[in-house]
Amino acid sequence: MKKALGLGILGSFFFAFTFILNRSMNLSGGFWMWSAVLRYVYTLPILALILWKNHQMRKILEEIRRRPGFWLLWSTVGFGLFYAPMSLASTFGESWLIAATWQITIVAGVLLTPLFGKKIPLKNLALSCLILAGVFLMQSAHFRENSTENLPMVLIPILIAAFSYPLGNRMTMAGCPKHLTSMQRIFGMTLCSMPFWAVCALWAGWQAGLPSADQHLQSFLVALFSGVIATWLFFYATDLVKHNARWLALIEATQSGEVVFTLLGGILLLGDAMPSAAGFAGIALILIGMTANSLVSGK
């Protein structure tokens, strides 16, 4: 349990690079859809090299050939319908605001539990709502000081992403043979999401032309830090506790650490405005919710 918790928090640190670098690309004029496409384009060869070096490629390809429809569907949901909307939302606010809104996925993950034959862990749900209250406190403070015109363009895409990511993760986790590793599962999902990203690339090229060299570089960093390192840490952590609904809810709640890491990174690296006093109160609620979640699940 402690190992899974530590991996989840470490994963949230590397996931923070997604929000910071996406914001950086938007500020420099990069098209949001290219940010989404390039992340997975660069993630695929990195994962392929890792699996090839460890002689793990054959088994995952055999599994995909055995059930191509399953892998294409849930990979598109878990990666495509997660990251494309996330990239769109990142064009409408500071990096910490997007990271904060993304924490809706904590409650989404808990609510999806009945789909997998388990009861909703009510204590975890209540504490996840505390985390969510902190998120909305941060948002309300932000939009009181700024125009609310872009609020739907932040909330609607992230609502789609917030349910798609845990759903795709859990479906492939439940349907994946036990002999496959987390890294093999991530590679399989990345590979099978490529048809979706190919269509997105055609649309991005038609809308905005080809991406710049700077966007390629930053997308590669997103692929390395978030697409490979953070995703493996998170998937491995959820694999460790997948048979315990309360612990699984806790590991998914560690993603709220992204808010703190993104806030610090956005201020230090991008010059993002600091949250107000109410915003910092929201961060405090998030941290209290994470700690209480840990204590409840530990019991």
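Helices α2 and α9 are oblique to each other, a label that covers whatever is left once angles under 35 degrees are called roughly parallel, over 145 roughly antiparallel and 65 to 115 roughly perpendicular. Before going further: this is a predicted model, where local features need pLDDT of at least 70 and side-chain atom pairs count only at pLDDT 80 or more, while totals for chains, interfaces and linings use all residues. Residues are numbered from 1 along each chain as its sequence is written, and side-chain values use heavy atoms, with hydrogens and water left out.

**Helix packing**

- Helices here are DSSP runs (H or I, at least four residues), numbered from the N terminus.
- α2 packs against α9 (residues 182-192) at about 140 degrees, and their axes are 9 Å apart. For these numbers, axes are lines fitted to C-alpha atoms over the stretch in contact, and angles run from 0 to 180 degrees between N-to-C directions.
- The α2 and α9 crossing is left-handed, meaning that the near helix is turned anticlockwise from the far one by less than a right angle; clockwise would be right-handed.
- α8 (residues 151-175) and α11 pack at about 55 degrees, with 11 Å between their axes. That makes α8 oblique to α11.
- The crossing of α8 past α11 is right-handed.

**Aromatic rings**

- The structure holds 23 aromatic pairs. To pair, rings of Phe, Tyr and Trp (its six-membered ring) need centres within 6.5 Å; planes under 30 degrees apart are stacked, over 60 edge-to-face, and the rest tilted.
- One of these is the tilted pair of F14 and F225, at 6.2 Å centre to centre with 35 degrees between the planes. This pair links distant parts of the chain, with F14 in α1 (residues 2-27) and F225 in α11 (residues 213-240), 211 residues apart.
- F14 counts as buried at 17% relative accessibility, and F225 as partly exposed at 22%. The cut-offs are under 20% relative accessible area for buried, over 50% for exposed and in between for partly exposed, using a 1.4 Å probe and protein chains only.
- Y40 and Y83 have ring centres 5.8 Å apart and planes at 75 degrees, so they make an edge-to-face pair. Because Y40 lies in α2 and Y83 in α4 (residues 68-89), the pair ties together parts 43 residues apart in sequence.
- Both Y40 and Y83 are buried.
- Y40 and Y83 also belong to one aromatic cluster, along with F15, F79, F82, W102, Y165, F196, W197 and F234.

**Charges over rings**

- The rule asks for NZ of Lys or CZ of Arg within 6 Å of the ring centre and within 35 degrees of the ring normal.
- R67 does likewise with F70, its charged end sitting over the ring at 4.2 Å from the centre.

**Cysteines**

- The disulfide count is 0, with a disulfide taken as a pair of cysteine sulfur atoms within 2.5 Å.
- The sulfur of C176 has its closest cysteine sulfur in C192, 11 Å away, which is too far for a bond.
- C176 is buried, with a relative accessible area of 11%, whereas C129 is partly exposed at 37%.

- H55 has a positive phi of about 55 degrees, although it is not a glycine.
- H55 sits in the loop between α2 (32-53) and α3 (57-66). H55 is exposed, with a relative accessible area of 75%.

**Sequence separation versus space**

- K242, in the loop between α11 and α12 (245-253), is partly exposed at 25% relative accessible area. K242 and A174 are 68 residues apart in sequence and 8.6 Å apart in space, C-alpha to C-alpha.
- From N22 to L180 it is 158 residues in sequence and 31 Å in space, C-alpha to C-alpha.
- I50 is in α2 and partly exposed, with a relative accessible area of 28%. The C-alpha atoms of I50 and F92 are separated by 35 Å, and the two residues are 42 apart along the chain.

Key. Helices (H or I, at least four residues) and strands (E, at least two) are DSSP runs, numbered from the N terminus.
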